Amino acid sequence: MNVKQLRYFCKVVEKNGINPAAADLQIGATTISMQIAALEKEMNNELFNRSTRPMTLTKFGRFVYQRSQEIIFNFDSFENDICSYTNSESTSLNIGVIRSLIFNILPETIKQFTNSFGHIDINLKEGLSTNQYELLAEQVIDLGFVRAMEQKQEVDNDFCRELILIDPLFAAVPKNHYLTRNKFITLKDFCNSPFITFPGNQKSEFSDTVVEKIKQNGLSPVISYKAREIHSALSFVAAGLGVTLVGKTVIDNNRQDIAFLPISDFHCNCYIYAIYRSKNTNPNIQHFLSTMKKVALN
């Protein structure tokens, strides 16, 4: 049994006959008949009911047809990957991952990128935004991501930075919280509940910057917990221990026991940037970023 035989078999099914299949493939009908006969002999089972006109598939034939399509698709993908691998300047991409990206945009980007560039070996390394430049400088990763609270920041000439998306902050509150009766809340409403900050790492400026921006609006949140990372913070919220602030990208595909509400008088954005070394010539960086930017637009 070989892929060519399966291709001939599938073409006969799709064209409702050997002669139409032969015309489409531009080969002799006898060749197709011989290949299908050889396939049936090897499988020790008939694929077609030859007593009917046009021929119909047997129960076994329907099973083989379904599986054959899958095999042919995978084989074609395999051939394309081999060709891409042979002609590619680089067959790997090392990516630094910040946790807030794993809820939505990053998984979908990887899925779409893999569909188009299946020959590329993707390696992921989790870390904080503050670690990304160090990992790039040490060439541990090719591509990193940072979540900044200010849009204008100076970047060393050794690095390139591209804006992926602007991510406004939303309040995350327990599903049974009284605030969920409203479609939006005020910053004062938010500050009336205990505030759960994250991440707990001292190198991260995210929580301190958020608190400072709240204070600039004349309010002082009462911090009840300093969660180690975003997953812990959301778990604490679900448990009814307080509220927190997360980017809009975190909302999709998240917990069902948490409600996410806009704050009408607190317009605070996060800016998610992709960063990479300016001297890094790995072409897969731009392929990946192009895919991510398309995902971000949806």
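A polar contact is here a pair of N or O atoms within 3.5 Å, where within protein one must be able to donate a hydrogen and the other to accept it, and where residues adjacent in sequence count only if both atoms are side-chain atoms. What follows concerns a predicted model, in which local features need pLDDT of at least 70 and side-chain atom pairs count only at pLDDT 80 or more, while totals for chains, interfaces and linings use all residues. Residues are numbered from 1 along each chain as its sequence is written, and side-chain values use heavy atoms, with hydrogens and water left out.

His-177 sits in the loop between E6 and helix H7 (187–191), where helices (H or I, at least four residues) and strands (E, at least two) are DSSP runs numbered from the N terminus. Because its relative accessibility is 15%, His-177 counts as buried; buried means under 20% relative accessible area, exposed over 50%, and partly exposed in between, with a 1.4 Å probe and protein chains only. When residues up to four places away in sequence are not counted, His-177 touches Ser-193 and Val-243, contact being defined as heavy atoms within 4.5 Å.

Strand E6, at one end of that loop, also holds Phe-170, which counts as buried because its relative accessibility is 15%. Leaving aside neighbours within four places in sequence, Phe-170 is in contact with several residues, among them Thr-244, Leu-245 and Val-246, and also Phe-260, Leu-261 and Pro-262. Its C-alpha atom is separated by 22 Å from that of Met-292, 122 residues along the chain from Phe-170.

E6 and E9 run antiparallel and are joined by 4 bridges, two strands being taken as paired if DSSP finds at least two bridges between them. Within this pairing, Ala-172 stands opposite Thr-244 in E9. From E9, Thr-244 and Val-246 point one way and Leu-245 and Gly-247 the other, and all are buried.

On a 1 Å grid over the protein atoms alone, a cavity is a set of points where a 1.4 Å probe fits but cannot get out, whereas a pocket is an open set with protein on both sides within 12 Å along at least five of seven lines; lining residues have an atom within 4 Å of a point. Grid points are joined across faces, edges and corners, and a volume is the space filled by probe spheres set on the points. A search of the whole structure finds 1 cavity of 30 Å³ or more, and about 40 Å³ of space lies in the largest cavity. Strand E7 (195–197), H8 and E9 each give two or more residues to its lining, which by class has 6 nonpolar, 3 polar and no charged residues. In this classification Ala, Val, Leu, Ile, Met, Phe, Trp, Tyr, Cys and Pro count as nonpolar, Asp, Glu, Lys and Arg as charged, and the others, Gly among them, as polar.

The largest pocket has a volume of about 640 Å³. It is lined by 30 residues, of which Ser-129, Arg-147, Ala-148, Ser-204 and Phe-206 lie nearest its centre. Two or more lining residues come from each of helix H6 (129–137), strand E5 (144–148), helix H8 (206–215) and strand E9 (244–247), and the lining divides into 14 nonpolar, 8 polar and 8 charged residues.

For the second largest pocket the volume is about 320 Å³, and of its 15 lining residues the closest to the centre are Asn-104, Thr-249, Asp-252, Ala-296 and Asn-298. Helix H5 (105–116), strand E6 (159–174) and helix H10 (284–297) each supply at least two residues, with the largest share, 4 residues, coming from E6.

Asn-280 counts as buried because its relative accessibility is 15%, whereas Pro-283, with a relative accessible area of 26%, is partly exposed. The side chain of Asn-280 reaches the backbone nitrogen of Asn-282 at 2.9 Å.
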